[in-house]
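Please keep the model in view while you read.

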Amino acid sequence: MKVTPAIVTIGIIAAFAVHGRIAQPANYNDFADHSALLGIPHAGDVLSNIGFALVAIWGWLTLWPHRNSDQLRAGWPGYRLFLIGLFLTVFGSAFFHLAPGNGRLTWDMLPIALAGAGLLVGVRGDTQRGSNTNIEAIGLALFAAAGVVWWVYTDRHGAGDLRPYLLLQVLPLVLIPLWQSIHRAPRTERIAFAAAMGLYVLAKLAEVLDHQIANTLGFVSGHTLKHLIATAATAAIVWGVTRRLSKAERSL
């Protein structure tokens, strides 16, 4: 069972390689939100990012005091990167949605990629305490940045390829449940992360149905809803980790 995550990772990478280039949809930047508030264009898509900052600040204030504890020391480098990426998402995504276009999309993609990389390292450190997560966090952060640079390079040459970027969104959905199951993570934390993964999938669905949701509901677009649901997913992750730390403190 312990080699299963490695086998699955190799399988996913091989599947991405065989699949070939994954391009950004041609109409990706055609968002349904055309609201305006206080002079802010696309206000729904822009302002709905604020929740990420609130979750990031909450997570930092809650986890920072425990960074050297036995319960968090191994996972902290990853969660630190996750929270930094989450906080930067507020600015990157808001900047992009003010005037959507591939020229600004880089600043939306990079912090999201960093958050995904951090989440992988954080959970790996939690479930496998002997891991050198400082090195892993640096390595995956560089991979995240390289994946975005690769997309920029290929997009400018008319053949944009999202595979490295998407890899950091797919791997957490598969590896985190595996690691937590194999290494018997606390039940509450497993439920919290399962809820987060489910919410993330729901957020991606809302993103795909951006215009349909806007036409049906009228007051909110699918992409705005995606931001709100994704915020709830990140909150579930932070809650799961802090819940485990609180239980550990009470037992001590």
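Helix α5 passes helix α7 in a left-handed crossing, where left-handed means that the near helix is turned anticlockwise from the far one by less than a right angle, and right-handed means clockwise. Helices here are DSSP runs of H or I with at least four residues, numbered from the N terminus. This is a predicted model, in which local features need pLDDT of at least 70 and side-chain atom pairs count only at pLDDT 80 or more, while totals for chains, interfaces and linings use all residues. Residues are numbered from 1 along each chain as its sequence is written, and side-chain values use heavy atoms, leaving out hydrogens and water.

Find α5 at residues 102-127 and α7 at residues 163-182: their axes come within 9 Å and cross at roughly 20°. Axes are lines fitted to C-alpha atoms, for helices over the stretch in contact, with angles from 0 to 180 degrees between N-to-C directions. The two helices are therefore roughly parallel to each other (angles under 35 degrees; over 145 is roughly antiparallel).

Which residues of α5 and α7 meet? Among them are Met-109, Ile-112 and Leu-120 in α5, and Tyr-165, Leu-168 and Trp-179 in α7; contact means heavy atoms within 4.5 Å.

Now turn to α1, residues 4-19, whose axis comes within 10 Å of that of α7, crossing at roughly 160°. That makes α1 roughly antiparallel to α7. Its contact with α7 includes Val-8, Ile-12 and Phe-16 of α1, along with Leu-167, Val-174 and Leu-178 of α7. This time, α1 passes α7 in a right-handed crossing.

Note on methods
Angles under 35 degrees count as roughly parallel, over 145 as roughly antiparallel, 65 to 115 as roughly perpendicular and the rest as oblique.
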